[in-house]
Amino acid sequence: MQNNVRPTDMKRISTPALAEAFIAQQVKEVREQVGDKKVLLALSGGVDSSVVAALLIKAIGKQLVCVHVNHGLMRKGESEQVVEVFRNQLDANLIYVDATDRFLDLLSGVDEPERKRKIIGGEFIKVFDEEARKLEGIDFLAQGTIYPDILESDGVKAHHNVGGLPEDMQFELVEPVRLLFKDEVRVVGKALGLPVSMVERQPFPGPGLGVRCLGAITRDRLAALRESDAILREEFGNSGLADQIWQFFTVVPDMRATGVREGKRAYDWPVIIRAVNTVDAMTATVPEIAWPVLKTVTDRILSEVPGVCRVLYDLTPKPVGTIEWE
Ligand code: XMP
């Protein structure tokens with residue numbers, strides 16, 4: 001039975017040296033727990049699962065089997081980065097599943113936000129379960145559970161909107177970062193050599209871009225969302241804002257507005273920019289963004305993203321608005 005209570009005298013892991021000591025200890029413990037058995041991990045590319053993957057690769061190498069499910073709702077370049085970092089650089093045993101069509105077909109015509117979340121969460125478990133059943137001799141399941149998950153939600157990660165794997169697919173858990181807070185997970189990730197862009201990633205909802213492509217998701221609006229989001233990230237990165245703002249993204253609503261393009265009337269989508277600062281995501285403020293940055297982002301989205309004719313900046317704090325639009 002693993003210990004799920006953080007010892008009161010446990011030092012906050014804030015330096016590379018403390019991270020190294022933690023890694024050495026976990027490598028030892030994981031090897032003792034797992035022996036020569038195999039471990040399965042759903043690797044989303046988020047901070048927690050990425051750090052767990054890197055830690056387990058160090059501890060048990062190819063005994064770890066990572067499964068990355070691309071649900072088609074990832075940000076631009078994210079799935080590619082997972083493959084590049086884990087398969088190509090860290091030589092991990094990585095199964096990459098492109099399930100885009102499965103998810104988008106199921107979501108077709110579904111416009112109710114909670115129903116969309118349920119479909120995405122449920123299908124994710126299904127795809128992962130199918131992959132797990134193809135493998136033989138798996139005894140353990142690794143998870144990127146962190147301490148706030150244990151404190152706040154009985155050890156179930158917040159993005160698991162539906163239950164876990166089916167009853168007959170229960171494994172013994174390996175949760176090496178379960179006693180760490182998020183900032184400590186990031187320090188450990190850096191010490192393990194993961195790219196800063198992966199370790200410093202802002203929170204990204206489990207249902208991904210699915211809750212930012214409002215209403216019933218269509219492939220063309222999803223493409224506009226992904227491209228505009230990538231432009232926003234690039235420009236906030238160029239202007240130094242990416243390190244100062246807690247979370248930022250674009251949203252594409254399920255409506256059109258008129259515009260003019262090459263002298264003709266166009267009937268295209270708006271893109272909404274959302275940027276917030278917060279400590280715990282329970283309340284949030286909207287930062288003042290320098291006008292030239294907003295203007296550059298706007299110009300680029302309008303010229304580079306097909307089907308978009310307007311760009312708006314959401315000024316709503318939480319409360320009253322939530323951070324996400326759905
Ligand atoms: P809201 O929109 O409730 O968001 O103000 C607060 C934080 O939670 C994230 N969020 C989610 N994360 N699954 C997740 O894993 C979800 O379904 C989900 N919905 C919102 C949101 O991005 C923000 O950081």
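Okay, one definition before we start: when I say two residues are in contact, I mean they have heavy atoms within 4.5 Å. And keep in mind that what you see on the screen is a predicted model.

If we skip the neighbours within four places in sequence, who does D268 touch? On one side of the numbering there's M255, R256, A257 and R261, and then there's G307, V308 and C309. So is D268 buried or exposed? The cut-off for buried is under 20% relative accessible area, and D268 comes in at 12%, so we call D268 buried.

Let me zoom out for a moment. The chain has ten helices and nine strands. Take the contacts with a separation of 6 or more: 77% of them join residues 24 or more positions apart. As for overall dimensions, the C-alpha trace spans about 70 × 40 × 35 Å along its principal axes.

Now the helix packing. Two numbers matter when helices pack: the angle between the axes and the distance between them.

Start with helix 1, residues 16-34, against helix 2. Their axes come within 9 Å and cross at roughly 65°, and the crossing is right-handed. On the helix 1 side, the contact uses F22, I23, Q26, V27, V30, R31 and V34. Helix 2 answers with L55, L56, K58, A59 and I60. By residue class, that's nine nonpolar, one polar and two charged.

Helix 2, which covers residues 47-60, also packs on helix 7, residues 182-191. What's the geometry there? The angle is about 40° and the axes are 10 Å apart. That makes the pair oblique, because oblique is what we call an angle that is neither roughly parallel, under 35 degrees, nor in the roughly perpendicular band from 65 to 115. This crossing is left-handed. Helix 2 brings V47, D48 and V51, and helix 7 brings K182, V185, R186, V188 and G189. Those residues split into four nonpolar, one polar and three charged.

So, back to helix 2 as a whole: V47, D48 and V51 go to helix 7, while L55, L56, K58, A59 and I60 go to helix 1. That's my tour, thanks.

Key
Residues are numbered from 1 along each chain as its sequence is written. This is a predicted model: local features need pLDDT of at least 70, side-chain atom pairs count only at pLDDT 80 or more; totals for chains, interfaces and linings use all residues. Side-chain values use heavy atoms; hydrogens and water are left out. Axes are lines fitted to C-alpha atoms, for helices over the stretch in contact, and angles run from 0 to 180 degrees between N-to-C directions. Helices (H or I, at least four residues) and strands (E, at least two) are DSSP runs, numbered from the N terminus. Angles under 35 degrees count as roughly parallel, over 145 as roughly antiparallel, 65 to 115 as roughly perpendicular and the rest as oblique. A crossing is left-handed if the near helix is turned anticlockwise from the far one by less than a right angle, and right-handed if clockwise. Ala, Val, Leu, Ile, Met, Phe, Trp, Tyr, Cys and Pro count as nonpolar, Asp, Glu, Lys and Arg as charged, and the others, Gly among them, as polar. Buried means under 20% relative accessible area, exposed over 50%, partly exposed in between (1.4 Å probe, protein chains only).
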